[in-house]
Amino acid sequence: MSTTSLSRDPARYSYYVDDAAYRELIADFHRIRTEEPTVEDPAERDFFRRLVEREARLLDRLDFTGWMASYADECFYWVPSTPNGGDPRSEIAVMFDDRRRLGDRVYRLSTGFAWSQAPSSRTVRVVSNVEVFDCLNADQKLVRSNFMINEFWDDETRVLAGWAGHRFRRYDGKWKISAKQVNLLQCDQCIRNPSIIL
Amino acid sequence: MTHIERRTQAYDWDDLVQEDRVHESLYTDPAIFEAEMRSVFGGTWVYLAHESQIPERNDYITARLGLRPLIVTRDNEGVIRALFNRCTHRGTTLCRFEKGNKRAFQCPYHGWNFQNDGKLRGVPWPDGYAENPAHDAKFNLAQVPRVESYRGFIFATLNEAMPSLSDHLGPIKRPLDEWIDRNPGGKIIVCEANRIKYKGNWKLAYDNSGDGYHVLYSHRSLLETENRFQDEATEKGMSYYKNSPDEQPMYIQYMGNGHHFKDKRPNLQPRTGGLWAIESLHPGMEHVAEKLRSRFGAKAESFLDLAGSEPVNINIFPNLSLLGNHIQVFQPISYDETDTIWYGTKIEDVDGTMGPDVLNDINTLRMRTQEGFPNFGEVDDVTNFEQIQRGLRCREDEWIYMNRGLDIPGRIKTLEDGTLKGPATDEVFMREYIKEWKRLMKTQPKLTIRREP
């Protein structure tokens with residue numbers, strides 16, 4: 001970059017998106033995709049179920065400030081374009097955002113000139129089947145859930161369905177979303193106006 | 001003569017397509033759409049697929065020629081064919097998967113089995129037929145009679161009278177060659193896609209493909225987002241449209257046969273790294289740039305440029321548009337529905353100058369740069385396409401204009417090769433490509449199919 005600033009603020013500069021981060025992402029979501037969930041304690045499951053439900057509520061309310069705050073500073077938001085998740089290093093994704101691009105996504109909606117969201121979609125999200133995986137690191141959990149996003153836009157109400165993987169990490173005692181993978185059923189098909197945050 | 005041919009023969013094409021305007025029915029009349037699926041998506045060379053999608057013998061990928069479902073195969077001898085995906089017995093599609101590797105396709109309905117060169121290999125219980133269908137060439141699969149590639153891009157036509165693909169492409173081959181050759185060894189590999197559907201006519205996308213007039217307005221949210229940080233040294237993305245775009249060195253050029261070319265490269269600083277300098281901000285770019293610069297010094301810029309979005313629009317009538325590093329394909333579904341498929345491309349380290357680490361870094365970054373525009377730009381365009389389709393329901397207001405730049409002396413220049421060059425926001429390319437469209441609709445080219453003997 002042309003800037004000489006030494007700042008590494010991930011909201012502004014993208015230094016943390018390196019090959020190690022990609023490999024970790026692929027491995028974590030492969031585990032959610034293929035392994036048995038390990039957490040049986042209902043209280044712990046309920047704790048993470050509430051975090052997933054909270055994220056859905058913030059998005060339904062278009063509370064993007066609150067939503068951004070629920071993500072870690074160094075985070076990923078990934079919507080693969082293939083049903084097997086794929087490898088984002090060699091495949092185009094429907095969406096693949098770091099912290100700054102999430103900021104772009106939210107900023108664009110605030111410009112008043114994002115025609116694809118003028119007027120905004122109205123959504124109600126249903127999340128269910130929340131299952132939790134323990135990790136070697138006690139400050140990380142993986143969560144699998146199913147979702148249905150009911151979206152009304154331009155005379156049409158449609159359902160975007162699929163399952164999501166969340167990687168939660170604990171920072172100073174607070175659990176944040178470190179990465180989210182959204183697996184749309186129609187991820188490899190043409191989708192009309194794919195411009196809401198999933 | 002088919003029903004559609006008879007019906008559309010009654011149209012007065014010279015009234016519907018005039019020098020400065022076209023009639024709304026070009027976008028709203030289902031009969032015109034049906035006729036287009038024959039005379040345009042059948043009567044001229046249409047893009048089907050890229051050879052990197054079927055690299056090995058017996059690879060196949062399904063595609064469409066207009067609405068016709070096809071299986072594009074590289075057969076056991078290595079010949080690329082465009083087979084009708086239609087069983088010759090009862091009409092069933094044979095293949096329902098997007099891609100794969102198969103020497104034969106067996107019909108799921110009655111079990112007729114076809115080789116990937118189209119020949120019928122056998123049918124169940126042939127003694128129930130007076131003559132075994134496998135011995136009669138009329139039961140071999142229909143296939144598109146003309147299939148040709150230009151540097152990996154596979155096209156097909158049902159019109160046997162068409163000139164060779166290379167001659168038909170003509171002057172558009174120059175920017176196409178440059179687009180291909182900017183990559184190491186002139187090699188690209190198609191890798192998945194961003195896929196967006198809109199409820200509007202396919203020509204709304206082709207009208208848009210060379211349109212420099214809409215950028216500042218339709219893409220205002222993108223331009224503002226790309227430049228939301230005030231401390232960047234250079235303006236990002238398509239910011240050059242902000243200052244009197246017709247006075248910038250970029251230009252639009254009509255290349256004949258419906259093809260056209262928007263060249264924004266002259267706006268860039270003419271130096272290695274000039275492309276990278278205006279690339280908007282994407283995940284991982286500072287990390288890769290820092291890593292490569294510390295390892296390679298000034299040479300890093302030439303690698304980074306390979307991940308940058310080439311500022312051209314190479315539009316090949318009727319359904320192919322190369323922009324940035326994308327191969328975009330327009331797929332008509334009905335008169336008011338279109339799929340746009342933005343295939344990504346990656347590069348290969350053809351001569352070993354990059355090494356696997358750099359190749360991985362550049363291709364990864366190239367995925368991220370390519371995701372930018374479909375996410376933050378195209379969604380606003382297709383919303384405007386849909387709203388045109390809606391506006392055209394005001395049937396009594398009949399005309400759509402493309403007269404920007406018309407009748408201004410000296411504005412459009414005719415070059416030696418017969419191509420037409422004008423300022424960036426000129427609609428000359430719309431006026432010209434629609435003449436080619438009209439010629440095809442008027443002449444109704446004779447369409448034929450072929451079968452293996």
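So, let's start where the two chains pair up: strand S7 of chain A, residues 191-192, is joined to strand S12 of chain B by two bridges, and these strands run parallel. If you want one pair to look for on screen, take Ile191(A), whose bridge partner in S12(B) is Ile196(B). Please keep in mind that this is a predicted model. As a reminder, strands of a sheet pair through backbone hydrogen bonds, either parallel or antiparallel.

Now let's look at the whole contact between the chains. Chain B contributes 46 residues and chain A contributes 40 residues. Which elements of chain B give two or more residues to the side that touches chain A? They are strand S12 (188-198), helix H9 (220-226), helix H11 (285-296), strand S18 (337-347) and helix H13 (355-391). Of these, H13(B) gives the most, with 13 residues.

Two packed helices are described by the angle between their axes and the distance between the axes. Here, the axes of helix H12 of chain B, residues 300-307, and H13(B) come within 8 Å and cross at roughly 40 degrees. H12(B) and H13(B) are therefore oblique to each other. From H12(B), the residues involved are Phe303(B), Leu306(B) and Ala307(B), and they meet Val358(B), Ile362(B), Leu365(B), Arg366(B) and Thr369(B) in H13(B). Sorted by class, that contact of H12(B) with H13(B) has six nonpolar residues, one polar and one charged.

Next, please turn to a sheet in chain B. Three strands form this open sheet, in the order S7-S8-S9, with antiparallel pairing. The edges are strand S7 (104-106) and strand S9 (120-122) of chain B, each of which pairs on one side only. From one strand to the next, the twist averages 30 degrees. Three bridges join S7(B) to strand S8 of chain B, residues 113-115. Within that pairing, Ala104(B) stands opposite Gln115(B).

One last stop, and it's a glycine. Where does Gly78(B) lie? You'll find Gly78(B) in the loop between strand S4 (68-74) and strand S5 (80-84) of chain B. Is Gly78(B) buried or exposed? Gly78(B) counts as exposed, because it has 9 C-beta neighbours inside 10 Å, and the cut-off for exposed is 12 or fewer. Finally, Gly78(B) and Leu447(B) are 369 residues apart along the chain, and their C-alpha atoms are separated by 26 Å. Thanks, everyone!

Notes:
Residues numbered from 1 in each chain as written. Chains lettered and ligands numbered in written order. Predicted model: local features only at pLDDT ≥ 70, side-chain atom pairs only at ≥ 80, totals over all residues. Helix = DSSP H or I, 4+ residues; strand = E, 2+ residues; numbered from the N terminus. Buried ≥ 20, exposed ≤ 12 C-beta atoms within 10 Å, placed from the backbone. Contact = placed C-beta atoms within 7 Å. Pairing = 2+ DSSP bridges. Axes fitted to C-alpha atoms, helices over the stretch in contact; angles between N-to-C directions. Parallel < 35°, antiparallel > 145°, perpendicular 65-115°, else oblique. Nonpolar A, V, L, I, M, F, W, Y, C, P; charged D, E, K, R; others polar.
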